[in-house]
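Hi,

Here is the structure I promised to pass on.

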Amino acid sequence: MSDTNKQLRVSKIRDGTVIDHLAAGQALNVLAILGIDGSGGEGVSIGMNVPSDRLARKDIVKVEGRELSQSEVDVLSVISPEATINIVRDYEVVEKKRVERPEEVTGVVSCPNRNCITNADEPVVSRFEVLSDGLRCGYCGDIVREGEVAENLDVS
Ligand code: CTP
Ligand code: ZN
C-alpha cells in the first residue's frame, strides 16, 4: 500500500465542512455543541486520535452538505482553540478559517455553582463571558477554567 493510502483515515468529502485540528477527544463534544446528531440526514464522519503534523494527535469532524458559518464554529474555541474550519465545494477547499473566541457563549456550558440561578428550575439560559483562560458565569461570576469546559458542557 502506498503511503497516501495508509494515511487516508477518513474519506474526502464533496461538499460541506471539515473541522480539523480538534484537540484529541473533543470530536463528540463538537457534534453535541453544534447540535449535529445525524437526524438531519447529513453525512457525518469522525476521526479520533488521528496522527497530525501540528498536534501529536487530533480529532477531525466532516459534515457533508452543510457549510458552517463563522459564528456557528466560534463557540468551538472554548474546547478547541486550535481548530481550523475548511469549507469544501466540489472536493476543493474554498475557504479556510480559524475559530475565533467569541465575547460570550450562551446555552452551551452549565455553571458549576449549584446555587447559581441557571441551575435552579428557572427558564434562564446560561451565559458566560469568555476570558483568556476560561469562562465567567454572567449570573454568579463563577469561573470555569479552560480545562474544565468539556466536563461542564450543557448540550443535551
Ligand atoms: N478535506 C476533505 N475533503 C476534501 C478536501 C479536504 O475531507 N474534498 C480535508 C482534508 O483531509 C484535510 C482538511 O480537509 O483534513 C483540509 O484540507 P487541505 O487544506 O487540503 O489540507 P492541509 O493543507 O493539510 O490543511 P492544513 O494546512 O489546514 O493542515
Ligand atoms: Zn453561575
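**The zinc site**

In this predicted model, the zinc ion (ligand 2) is held by the SG atoms of C111, C116, C137 and C140, at 2.3 to 2.4 Å. Donors here are N, O and S atoms within 2.8 Å of the metal (3.2 Å for Na, K and Ca), and water is not among the atoms, so sites may look incomplete. The site is tetrahedral, with angles of 98 to 115 degrees among its 4 donor atoms (four donors pass if all angles lie between 85 and 135 degrees). Along the chain, the donors are spaced C-x4-C-x20-C-x2-C. Both C111 and C116 are buried (under 20% relative accessible area, 1.4 Å probe, protein chains only).

Domain 1 (3–98) and domain 2 (104–152) each supply at least three residues, with bounds from an automatic or database domain assignment.

Residues are numbered from 1 along each chain as its sequence is written, while chains are lettered from A and ligands numbered from 1 in the order in which they are written. Local features need pLDDT of at least 70, side-chain atom pairs count only at pLDDT 80 or more, and totals for chains, interfaces and linings use all residues, while side-chain values use heavy atoms, leaving out hydrogens and water.

Cheers

Terms used:
Four donors count as tetrahedral if all angles lie between 85 and 135 degrees; four count as square planar and six as octahedral if opposite donors are over 155 degrees apart and all others between 65 and 115; anything else is irregular. Buried means under 20% relative accessible area, exposed over 50%, partly exposed in between (1.4 Å probe, protein chains only).
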